[in-house]
Amino acid sequence: MSLGDNHPETWIAIGYYCLKKNHKPSRTVYLAQKAYALDGTKIQALLLKGLALAKLKRYSDSLVHYKEAVRLAPFYFEGYKGVVDGFLATNRLNEASK
């Protein structure tokens with residue numbers, strides 16, 4: 001890919017494509033990490049990686065990324081939803097209700 005390899009938005013878009021169309025969450029984790037490495041302020045990369053990890057049933061890893069997204073952008077609903085879904089998936093009901 002020569003057009004846009006230095007732009008995290010390109011990797012995020014391809015990551016969502018891999019997740020939705022090809023059903024390849026492991027590839028999506030790689031693409032989201034690549035996007036985040038290019039720009040550490042891209043909340044969308046953290047949210048994508050959290051979503052892909054949740055699809056892989058790696059809820060603890062998913063929670064780390066969702067919590068970081070909430071810390072960096074507390075106004076994004078998706079981060080909070082990911083945190084609560086992760087707590088519910090790991091049966092941490094007390095933490096999910098806070």
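This is a predicted model: local features need pLDDT of at least 70, side-chain atom pairs count only at pLDDT 80 or more; totals for chains, interfaces and linings use all residues.

**Salt bridges**

The count of salt bridges in the model comes to 4. Asp85 takes part in one of them, with Lys81 as its partner and 2.7 Å between the closest N and O atoms. The two residues, Asp85 and Lys81, stand 4 residues apart in helix 5, so about one helical turn separates them. Lys81 is partly exposed, at 42% relative accessibility.

A further pair belongs to helix 4, where Arg71 and Glu68 lie 3 residues apart, about one turn of the helix. Their closest N and O atoms are 2.7 Å apart, and the pair forms a salt bridge. Arg71 counts as exposed because its relative accessibility of 55% is over the 50% cut-off. Glu68, by contrast, is partly exposed at 24%. The C-alpha atom of Glu68 is separated by 9.2 Å from that of Leu47, a residue 21 positions away along the chain.

Asp61 forms a salt bridge with Arg58, in which the closest N and O atoms are 2.9 Å apart. Both partners count as partly exposed: Asp61 has a relative accessibility of 33%, and Arg58 has one of 41%.

| Asp85 | Lys81 | 2.7 Å |

**Positive phi angles in loops**

Which loop holds Lys57? Lys57 is found in the loop between helix 3 and helix 4. Its phi is positive, about 65 degrees, although Lys57 is not a glycine. Lys57 counts as exposed, with 61% relative accessibility.

Asn91 is another residue other than glycine with a positive phi, in this case near 55 degrees. Asn91 lies in the loop between helix 5 and helix 6, the latter spanning 93–96. With a relative accessible area of 65%, Asn91 is exposed.

**Nonpolar surface patch**

Val84, Leu88 and Leu93 form a nonpolar patch on the surface, and together they have about 250 Å² of accessible area. Val84 has its place in helix 5.

**The largest pocket**

How much space lies in the largest pocket? The volume is about 250 Å³. Its lining is made up of 14 residues, and those nearest the centre of the pocket are Leu47, Leu51, Tyr66, Glu78 and Gly82. Helix 3 (43–55), helix 4 (59–72) and helix 5 (77–89) are the elements that give two or more residues to this lining. Helix 5 supplies the largest share, with 6 residues. Sorted by class, the lining of the largest pocket holds 7 nonpolar, 4 polar and 3 charged residues.

How values were computed. Residues are numbered from 1 along each chain as its sequence is written. Side-chain values use heavy atoms; hydrogens and water are left out. On a 1 Å grid over the protein atoms alone, a cavity is a set of points where a 1.4 Å probe fits but cannot get out, and a pocket is an open set with protein on both sides within 12 Å along at least five of seven lines; lining residues have an atom within 4 Å of a point. Grid points are joined across faces, edges and corners, and a volume is the space filled by probe spheres set on the points. Ala, Val, Leu, Ile, Met, Phe, Trp, Tyr, Cys and Pro count as nonpolar, Asp, Glu, Lys and Arg as charged, and the others, Gly among them, as polar. Patches are made of residues with over 30% relative accessible area and no salt bridge: like charges are joined within 9 Å, nonpolar side chains (Val, Leu, Ile, Met, Phe, Trp, Tyr) within 5 Å. Accessible areas come from the Shrake-Rupley method with a 1.4 Å probe; for residues, only the protein chains shown count as cover. A salt bridge is a side-chain nitrogen of Lys or Arg within 4 Å of a carboxyl oxygen of Asp or Glu. Buried means under 20% relative accessible area, exposed over 50%, partly exposed in between (1.4 Å probe, protein chains only).
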